[in-house]
Amino acid sequence: MFLDENGVPFSGGTYFPPKEMYGRPSFTNILNQVSQFYVQNRDKIIQWMMQKKTNTKLIDLKLDFKILEEIWRKCRTLGEITGTVFHQYSVVRNKPRWGDKRPYYIRYIPQLIKLYPDARIIHIIRDGRDCVASLKKMPWWRKNVMYSMLNWRYSIRMGSIAAKVYKNQFIEVRYENIIRQPENELRKICNFLNEPFEPEMITFHLSAEKNIPEYKKEWHYKTYEPLSEEFIGKGKEQLSENELKTLEWSAGRELSLWNYSVDKTHTTPSVKYFKEWVKFYASVFAERAIDRLSLIHISEPTRRTPISY
C-alpha cells in the first residue's frame, strides 16, 4: 500500500514480482515510477511558480525567488511549496508564523486542511448587508448584488459545516465583536492559535505604511487608522429597500444565526434573483464536480496517474 504525504492510501496491490512478468510491473519499477512522479510534478510546479513571479501579488511580497527555488527543490508536497512563499514573507518581517486572507477559502476548507494538516482557520463573520454594500464600492468586484447576497449566504453555510467537522482547527468570530471588543476577541483568537496576545495587534495601523502596497490604498485606507465602528450597520443605509428585503428574505436564517436583526416583512423575490440563483449554484456544482473528478483521478493506480502535487 502506498500512502501520500498525509498518510492517506492512494494505491496498492497484493503482489509485485521481483521482475516484470505476466503484465505485472516489478516492485522496483513501481518504486521508480513513484519517485519519478514526485520529481517530475515538483519540477512542473516550480516552473509554474517561476512563471508567476511577475504576478502583482507575488511582487508585493518582495521575496527572493532564487532562495525560494532552492527551498522548493527540497519540498515534498504542494502544501510545502506554497507554504514556503508565505513562510519566507514572515521570515523577512521577523514573524514566527504566517497567515493568509482570502474570502473564497471558505469554499475549500477540506483542500486547505489536506495541504496544511496543522492549519488553524479563522472565519470572520460580518453582517451580510454590510458585506454586500462594501462590495458594491470595490473596483475589483465584478459581480452583481444578487450574486453577492448568495455568496455571503453560501459562505455562512460552509462555515457552519466546517465548524462541526474541524472543531479543533476552525473558529468563527463576529467582525463587529472584534471592532467593539478588540482585546477580548483577539485573546480568544490567540488562545485558539496557541500564541501570546500582544497589544501591538490592536495598533496594526502604525505599520500599515510598509505592509500595504500603494495601489491597494484606495480600498485598504482604513488599515491606516485605528479600529472604528464607522461602517457597522452602513449596509442598511447604502442598500436600496428592495436589496435589503431580498437579502433578508434570502439569508434571513443565516443573519439570525449570527444575531443580526432581520425585518420579518414578507417579500417576493424577483425573477432576476432566481436567475442569479440558478447561475450561482450551477457554478458551485461545477466546482464540486471538478473536485470529485480530481479525487477520482489521483486515486487510480500509480502506473497510470502521477501522484502528489
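This note covers confidence, aromatic pairs and charge-over-ring placements in a predicted model.

1. Basis. Residues are numbered from 1 along each chain as its sequence is written, and side-chain values use heavy atoms, with hydrogens and water left out. Because the model is predicted, local features need pLDDT of at least 70 and side-chain atom pairs count only at pLDDT 80 or more, while totals for chains, interfaces and linings use all residues.

2. Confidence. The protein chain averages a pLDDT (the predictor's confidence in each residue, from 0 to 100) of 85, and 85% of the residues score at least 70. Over residues 297-309 pLDDT stays under 50, and for this stretch the model has 35 contacts (heavy atoms within 4.5 Å) beyond four places in sequence.

3. Aromatic pairs. The structure holds 13 aromatic pairs, counted where ring centres of Phe, Tyr and Trp (its six-membered ring) lie within 6.5 Å, with planes under 30 degrees apart called stacked, over 60 edge-to-face and the rest tilted. The W141 and Y147 rings have centres 6.1 Å apart and planes at 55°, so this pair is tilted. F280 and Y281, by comparison, form an edge-to-face pair, 5.0 Å centre to centre with 80° between the planes.

4. Cluster and burial. Ring pairs link W140, W141, Y147, Y154, W277, F280 and Y281 into a cluster. Both W141 and Y147 are buried (under 20% relative accessible area, with exposed over 50% and partly exposed in between; 1.4 Å probe, protein chains only), and F280 is buried with a relative accessible area of 1%.

5. Charges over rings. The charged end of K143 sits over the ring of Y147, 4.8 Å from its centre, the criterion being NZ of Lys or CZ of Arg within 6 Å of the ring centre and within 35 degrees of the ring normal. The charged end of R126 likewise sits over the ring of Y175, 4.8 Å from its centre.
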